[in-house]
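Open your viewer and get ready to click around with me. We'll go stop by stop, and at each one I'll tell you what to select and what is there.

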Amino acid sequence: MSWSRSPSSAFDAMTTTLSDAVAADGFSFVEAATMQALLDAAGLRDWQGFAASWGDLGLDSYMADGGRYRRRRHAAFALSAAGIRRKPHQPHYQSRDYNPLNGGLERWFEPITEAIAAHPALEAVLKTCFALFDPLTPDGTRPEVWHTEVHQFRVEARAGETGRPTPEGMHRDGVDWVLVMLVRRENVSSGTTSIHDLAGRPLGSFTLRHPLESAVVDDARVFHGVTPVEPVDPAQPAFRDVLVVTMRRA
Ligand SMILES: [Fe+2]
């Protein structure tokens, strides 16, 4: 689909402010109100319906640690100034350089449903990612079309089995740009995001607590990792839902 609305000057100003922060630091924590304003300007509708779709994800059966605590769906898109095009369903691949635990093979995950792939909330997120990341990319290296992957993740925490959002530890995704957006936290503690530079020095840490709070990451410059989540009340369901968008040169 082509972008449904042309960006406003307010949207341009907000993305420029955030882009400047990422350019300076290699990452940025984005508060919920800021992300809400960005997504609203990009045409966000029906966040509740979008978030509810995290209740219907497939089990990630590739977990080399034997864990059964992660659920997900996945889709690939072509993203350009002209708009969004979903690509045929394809495996997710990370080399072992980037993911020593689960990398090195093509991992097939359940596809994101057609309804969610075309949802105005996802369109708004992708539009915002393009507006942020395309200008951050140096002239001469900016692709005509971005290979973009979208992941819906649910990490569950149970008594006796902590949920590890990033079982591979501190890592890079092996792409150019990453957005991690909190969709929902239910009955979990911890899940703290840390950012390190390429020498392993900590640059910052924060916990995504409220829906829409996000981490924006320059994957070439920094590592990211998230501590395990624990149930607050072990007798009740406990989970952390996030949306991850990555962009790389095709
Ligand atoms: Fe990651």
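One term before we start: contact means heavy atoms within 4.5 Å. This is a predicted model, where local features need pLDDT of at least 70 and side-chain atom pairs count only at pLDDT 80 or more, while totals for chains, interfaces and linings use all residues. Residues are numbered from 1 along each chain as its sequence is written, and side-chain values use heavy atoms, with hydrogens and water left out.

**Stop 1: the iron ion**

Select the iron ion. Which residues coordinate it? They are His-171 (NE2), Asp-173 (OD) and His-224 (NE2), at 2.1 to 2.2 Å. Donors here are N, O and S atoms within 2.8 Å of the metal (3.2 Å for Na, K and Ca), and water is not among the atoms, so sites may look incomplete. Along the chain, the donors of the iron ion are spaced as H-x1-D-x50-H. His-171 sits in the loop between strand 7 (146-156) and strand 8 (177-186), and His-224 in strand 13 (residues 222-226), so this pair ties together parts that are 53 residues apart in sequence. (Strands are DSSP runs of E, at least two residues, numbered from the N terminus.)

Are His-171 and His-224 buried or exposed? Both are buried. Buried means under 20% relative accessible area, exposed over 50%, and partly exposed in between, with a 1.4 Å probe and protein chains only.

**Stop 2: Thr-166**

Now pick Thr-166, in the loop between strand 7 and strand 8. Its relative accessibility is 12%, so Thr-166 counts as buried. Skip its neighbours within four places in sequence, and Thr-166 is in contact with His-171, Gly-225 and Val-226.

**Stop 3: the largest pocket**

Rolling a probe the size of a water molecule over the atoms shows where empty space is left. A pocket, on a 1 Å grid over the protein atoms alone, is an open set of points where a 1.4 Å probe fits, with protein on both sides within 12 Å along at least five of seven lines; lining residues have an atom within 4 Å of a point. The largest pocket has a volume of about 540 Å³, counted as the space filled by probe spheres set on the points. Of its 35 lining residues, select Phe-153, Glu-168, His-171, Asp-173 and Val-244, the closest to its centre. Which strand gives the most to the lining? That is strand 15, with five residues.

**Stop 4: Arg-154**

Go to Arg-154 in strand 7. Arg-154 counts as buried because its relative accessibility is 11%. Its side chain is joined to that of Asp-241 by a polar contact of 2.7 Å.

**Stop 5: Arg-72**

Next comes Arg-72, in strand 3. With a relative accessible area of 3%, Arg-72 is buried. Show its side chain together with that of His-151, and you'll find a polar contact of 3.3 Å between them.

**Last stop: Gly-160**

Finish with Gly-160, in the loop between strand 7 and strand 8. Gly-160 counts as exposed, at 91% relative accessibility.

Note on methods
Helices (H or I, at least four residues) and strands (E, at least two) are DSSP runs, numbered from the N terminus. A polar contact is a pair of N or O atoms within 3.5 Å; within protein, one must be able to donate a hydrogen and the other to accept it, and residues adjacent in sequence count only if both atoms are side-chain atoms.
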